[in-house]
Amino acid sequence: MISTERIREMAGARLRPALVRDPVLRFGRIVRSNGEVLHASGIRAPIGARCLVDTGEKEARPAEVVGFQAGMLLIMPEQGMRGITRGARVHVQSDSPSPLMGEGLLDRVLDARGQPLDGRPAPELTHPWPLLGQSINPMARARITRVFDVGVSAINALATMGRGMRIGLFAGSGVGKTTLLGMMAQHAEAEVVVVGMIGERGREIREFIEDHLGTARARSVVVASAADDTALGRVHGAYRAAAIAEYWRAQGRHVLLVVDSLTRLAMALREIGLAVGEPPATKGYPPSVFGALAAYVERAGNGTDGQGSITAIYTVLVEGDDHVSDPVADTARSVLDGHIVLSRSLSEAALYPPIDVSASLSRPMSSLVSKAHQRFAARFRTLWARRQEKQDIIDLGAYAPGRDPILDEAIRRAALMERVVRQNAHEPVNLLQSLALLEAVFAEVTT
């Protein structure tokens with residue numbers, strides 16, 4: 001829990017800049033627009049500062065400083081350009097937004113700006129936390145030493161996750177990643193679940209909460225930024241989800257952070273980067289996008305001594321199931337601790353969850369499980385990969401037993417192997433049960 005002294009320190013840190021800031025509220029003017037960016041003159045503010053644009057309505061329009069040009073601020077409204085006129089007044093509200101946190105967040109659905117979407121009153125929150133998070137000395141972070149049980153047999157047995165790990169869920173459209181995310185959110189051993197739904201269809205947001213989150217909803221916080229939100233709104237939605245997870249980690253809780261998807265966050269960052277004049281690089285993504293993704297992923301993980309952990313699952317959408325040339329997928333692999341790959345062919349064969357065992361990997365697994373578990377998992381991968389490679393020949397009846405001992409063994413053990421990877425979405429399989437299924441594959445008496 002955060003001590004009283006720590007709360008006072010945080011409050012003092014917020015008040016200190018206000019004491020040295022110019023007490024006079026200074027206004028600038030909107031002088032021009034360019035795409036989704038407004039040019040404001042007459043005021044000064046750092047990049048990332050929050051501004052308010054007066055549109056003549058009851059409430060001013062929030063915006064963020066995203067750059068400078070020719071002595072003017074480049075600002076981007078959170079809710080789009082509509083209704084903002086040339087000459088509208090603008091002033092700086094804060095240099096670094098710090099949304100409020102608290103127990104009232106649990107069992108709530110919020111938008112990217114912290115407003116409730118569930119039809120209930122705004123939650124009562126008291127503790128500020130920086131939207132961009134607080135950096136942690138990497139030498140002070142706790143190491144990954146404990147298994148994180150996600151309740152999915154294929155992952156528990158063959159790509160075992162660790163508490164504080166960051167893993168990517170790579171899939172094309174319509175393969176079943178949302179259902180798998182719901183399984184892990186509902187069955188994982190986490191005290192708090194934070195779900196960031198970034199750029200999702202509005203229909204899917206409600207379906208995920210009502211159909212897939214299930215019993216985990218009481219200990220969950222959902223931050224939803226639908227596909228029709230602005231690029232800045234989608235970015236803020238992802239950042240708010242990470243900030244909420246960081247707050248609970250600081251309280252000593254073990255958090256599961258689910259972000260769907262990292263690709264749509266990258267697309268939103270691309271829109272902002274191109275709007276402020278960054279040159280497009282790989283497939284139209286400005287160079288800053290990949291640095292921002294790495295910084296965002298780094299916010300998860302274990303905290304320092306006395307803090308909790310954030311185990312994060314980020315979905316990555318791959319165009320046309322291309323896992324190689326997609327720059328976002330390539331960057332995600334380089335900054336994450338592992339990856340789970342979903343296979344369209346397995347999905348079409350009605351094997352669920354359609355996890356491609358051969359392509360999936362957990363880097364910390366070797367330090368988390370026993371030597372026997374490692375041997376079983378490695379042997380399983382070998383047999384699974386060989387059978388997948390030769391499946392066409394088997395289906396055609398062109399394979400004669402005895403030519404390939406590894407393939408012969410894979411065919412003989414196929415039914416038991418399928419029991420490890422096949423699972424009902426509503427029935428969790430814990431770590432011990434998953435290991436028992438894996439051991440049963442090789443406990444079969446051969447003839």
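## Strand β17 and its neighbours

Strand β12 (residues 166–171) runs parallel to β17, and six bridges pair the two. Here, strands count as paired if DSSP finds at least two bridges between them. Within this pair, L169 sits opposite T315 of β17. A quick word on the model: it is predicted, so local features need pLDDT of at least 70 and side-chain atom pairs count only at pLDDT 80 or more, while totals for chains, interfaces and linings use all residues. Residues are numbered from 1 along each chain as its sequence is written, and side-chain values use heavy atoms, with hydrogens and water left out.

β17 has other partners too. Strand β15 (residues 254–260) is parallel to β17, again joined by six bridges, and V255 faces I310 across that pairing. Strand β16 (residues 301–302) goes antiparallel to β17 over two bridges, with N302 opposite S309. β16 and β17 make a hairpin with six residues between them, and G306 in its turn has a positive phi of about 90°. Strands are DSSP runs (E, at least two residues) and helices are runs of H or I (at least four), numbered from the N terminus.

## How covered is β17?

Buried means under 20% relative accessible area, exposed over 50%, and partly exposed in between (1.4 Å probe, protein chains only). Look at either face and you get that picture: S309, T311, I313, T315 and L317 are buried on one side, and I310, A312, Y314 and V316 are buried on the other.

## Two nonpolar cores

A nonpolar core is a set of buried Ala, Val, Leu, Ile, Met, Phe, Trp, Tyr and Cys residues joined through side-chain atoms within 4.5 Å. The largest one has 56 residues, and V194, W248, L257, L262, Y296 and Y314 touch the most other members. Helix α5 (residues 231–250) gives the most to this core, at 13 residues.

Take L257 as a guide: leaving aside residues up to four places away in sequence, its contacts are V194, A241, A242, A245, I310, T311, A312, I313 and Y314. Contact means heavy atoms within 4.5 Å. There's also a second, separate core of 55 residues, with V258, L342, M417 and L438 among them.

## A barrel of six strands

Elsewhere, six strands close into a barrel in the order β1-β2-β5-β4-β3-β6, with antiparallel pairing. One of the pairings is β3 (residues 50–53) with β4 (residues 61–69), antiparallel over four bridges. There, V53 stands opposite R61 in β4.
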